[in-house]
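Here is a quick tour for someone meeting this structure for the first time.

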Amino acid sequence: MKIFFAVLLVWMMAHSAFCLTKEQFGGNLKVSSDLLEHIQNQSLPDLAIPLNINQNKATFDMRGLNPDMRTELQQSLSALQDRMNACHWLVDFPNLDSSQNAQIEIGDDAIEITSQDEITVQELLKSPCLLPGKLDLIRPFRTTQYGYEANPQSPAGRPFLDSITPIVVDPINPYLSFKLGDVDVIPVPEDRFPQISNDSDLQLLQGPQVILYLKLTGFAPEAAAKVASSIDVHELARAVLNDHVHDLFSAPDAQPGAAVSAKFVNRSEASYKLLGDRLQVELQKMGFTLNDADTSGRSIELMQEEVRGDLLLSEYHILRVQFPDQNSGTWDAAWQNLIKSGRLIPLLIHTTKIAARKSIQGLNSEAGPNPDFENCWIRQ
Amino acid sequence: MPFPDRYIVSARKPSGKIILDATRGICIVTNNALSEPLFFDQQWNGPFRFSCSDCRIPVADPGFNFFRLADGQFFDFDVFGTGKIAVVDRKGRLSIAENNNVTTSDKQVGSSVSVNLPFVYTSSPTLRGENDTVFIFRYSPGSLVYEASRTVEGEILTMTAADLAQNGKKKLLVALRKIDRISIEAIEP
């Protein structure tokens with residue numbers, strides 16, 4: 001009998017179903033409200049609904065959900081098909097017209113998403129925009145008057161935390177709120193990074209990613225090439241963003257022309273404002289005349305877009321929103337054409353940092369750059 | 001062994017126990033992914049619902065990774081002898097209850113426990129991904145003394161003392177999560 005139970009134990013371990021691990025349920029986490037903006041935006045696979053991908057079709061099996069959850073999910077996906085919905089652009093990916101858009105079939109027991117190929121389906125599934133509606137029943141956290149509370153009915157299981165309280169912190173120095181014990185997780189401003197990174201009471205983790213790029217209007221390819229050749233992205237990244245970047249910049253194909261006058265638009269805040277200011281100085285040193293009253297019709301805008309779900313989808317979204325005249329063909333061809341014509345200069349992807357108390361475990365997500373609040377827990 | 005869907009609930013972190021109830025000759029399965037404890041009979045028919053109105057063993061709390069008995073919550077427990085039980089509570093304390101007396105160790109332990117009298121084995125309070133340690137305590141009624149430790153490679157998921165060779169000598173069977181796999185190792189602590 002004992003041998004039988006030993007064999008049974010081995011079998012149980014192989015199925016990893018009967019193990020006891022150290023994650024503990026309970027506790028409230030106080031999080032800077034900036035980091036909670038997208039807490040209710042999961043991708044469809046994150047909801048732990050059984051998923052089967054067969055070639056270019058993804059099928060979600062809803063039979064395990066109760067009727068209310070099914071209705072909520074069906075309504076959310078239906079909202080995506082409304083052309084007025086802010087996330088409708090997603091169904092056209094990777095094309096810029098609607099000729100081959102993704103088909104979403106919503107049944108009683110299953111949802112089928114069909115796109116042109118398997119890679120495209122995989123990309124679509126990464127986007128939180130695939131679920132644009134309100135999903136309070138099925139998400140890991142429910143919205144309350146004061147913040148968020150664990151949803152015991154979540155298909156992936158109840159989150160370890162009991163609740164999350166959003167805390168408004170000083171955007172210039174959130175570290176002060178952290179040291180005072182008012183908040184447990186904060187974004188790290190790059191200008192405070194050297195100070196915060198030396199604090200032994202906290203752990204530094206990867207935070208949201210942001211694409212920075214220049215949008216040029218009214219520039220000839222040669223003048224745009226002059227802009228590109230005048231920028232030292234590596235120096236900017238090192239000086240302003242502590243090198244927490246992935247370089248997107250490439251040298252221009254066109255021969256640089258002469259420096260011209262233009263309007264420089266920098267609506268960014270904090271670190272990106274500083275980066276824009278330094279960029280402006282670099283261009284002026286290379287002979288560009290930049291002022292707000294410029295009447296040449298030329299402008300250089302420093303733009304930013306948070307990466308949500310996937311880098312390719314974020315770039316596609318930039319095209320759809322910022323360059324609406326690009327409305328045919330595939331997005332990657334249009335992206336390259338914009339770079340060649342000098343209308344778009346991708347600069348870098350900034351990987352922000354967040355600081356959390358060391359007692360918080362499992363906050364780092366393997367799947368994406370955002371904090372994994374549903375799987376984190378507080379060590380007692 | 002499939003469990004009917006009607007018994008399945010969502011659990012973010014699986015935990016559970018299989019308990020042989022020699023008195024009734026049944027095998028009880030209590031798991032946090034089940035809505036209630038179930039049992040199999042001696043011929044492995046089942047699973048059947050297990051009436052737990054007078055449970056004297058901790059049962060898994062559906063959805064949570066701990067067991068519950070009366071007002072207590074435990075990460076792990078091991079029933080031994082008649083009416084004797086060793087538990088690791090949610091604060092990492094090892095306690096042994098026998099004849100209405102409870103003996104508790106001062107040393108903080110991990111989330112797994114196994115008894116092979118006079119020894120009680122536990123895992124250590126290390127974080128995920130770190131190498132674990134088997135703590136060895138010596139127990140006698142009213143006395144629970146930490147005696148030694150043995151480091152293992154990987155994180156201890158669960159442990160049980162078993163007489164594998166059926167020669168009267170129990171070895172400690174430890175399930176370890178390593179970097180690339182989960183393995184079961186028999187060690188002589």
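## One histidine to start with

Is A:H244 buried or exposed? A:H244 counts as buried because its relative accessibility is 14%; buried means under 20% relative accessible area, exposed over 50%, and partly exposed in between, with a 1.4 Å probe and protein chains only.

You'll find A:H244 in the loop between α7 (233-241) and β11 (245-247) of chain A. Leaving aside residues up to four places away in sequence, A:H244 touches A:E190, A:F193, A:I349, A:H350, A:T351 and A:K353, where contact means heavy atoms within 4.5 Å.

## How to read the model

This is a predicted model: local features need pLDDT of at least 70 and side-chain atom pairs count only at pLDDT 80 or more, while totals for chains, interfaces and linings use all residues. Residues are numbered from 1 along each chain as its sequence is written, chains are lettered from A and ligands numbered from 1 in the order in which they are written, and side-chain values use heavy atoms, with hydrogens and water left out.

## Chain A as a whole

Chain A holds 10 helices and 17 strands; these are DSSP runs numbered from the N terminus, helices being H or I with at least four residues and strands E with at least two. The C-alpha trace of chain A spans about 85 × 55 × 45 Å along its principal axes. Of the 380 residues in chain A, 49% are buried. Take the contacts in chain A between residues at least 6 apart in sequence: 72% of them join residues at least 24 apart.

## A helix with buried residues

Helix α6 (residues 221-229) of chain A has A:A223, A:A224, A:A225, A:K226, A:V227 and A:A228 buried. What do the buried residues of α6(A) pack against? Their partners are β10 (202-217), α8 (270-285), β14 (299-306) and β15 (344-357) of chain A.

## A sheet in chain B

Over in chain B, 3 strands make an open, antiparallel sheet in the order β15-β16-β17; two strands pair if DSSP finds at least two bridges between them. β15 (155-162) and β17 (182-187) of chain B are at the edges with a single partner strand each, so one side of each has no neighbour in the sheet.

β15(B) pairs with β16 (residues 171-177) of chain B over 7 bridges, in the antiparallel sense. Opposite B:A161 you'll see B:L172 in β16(B).
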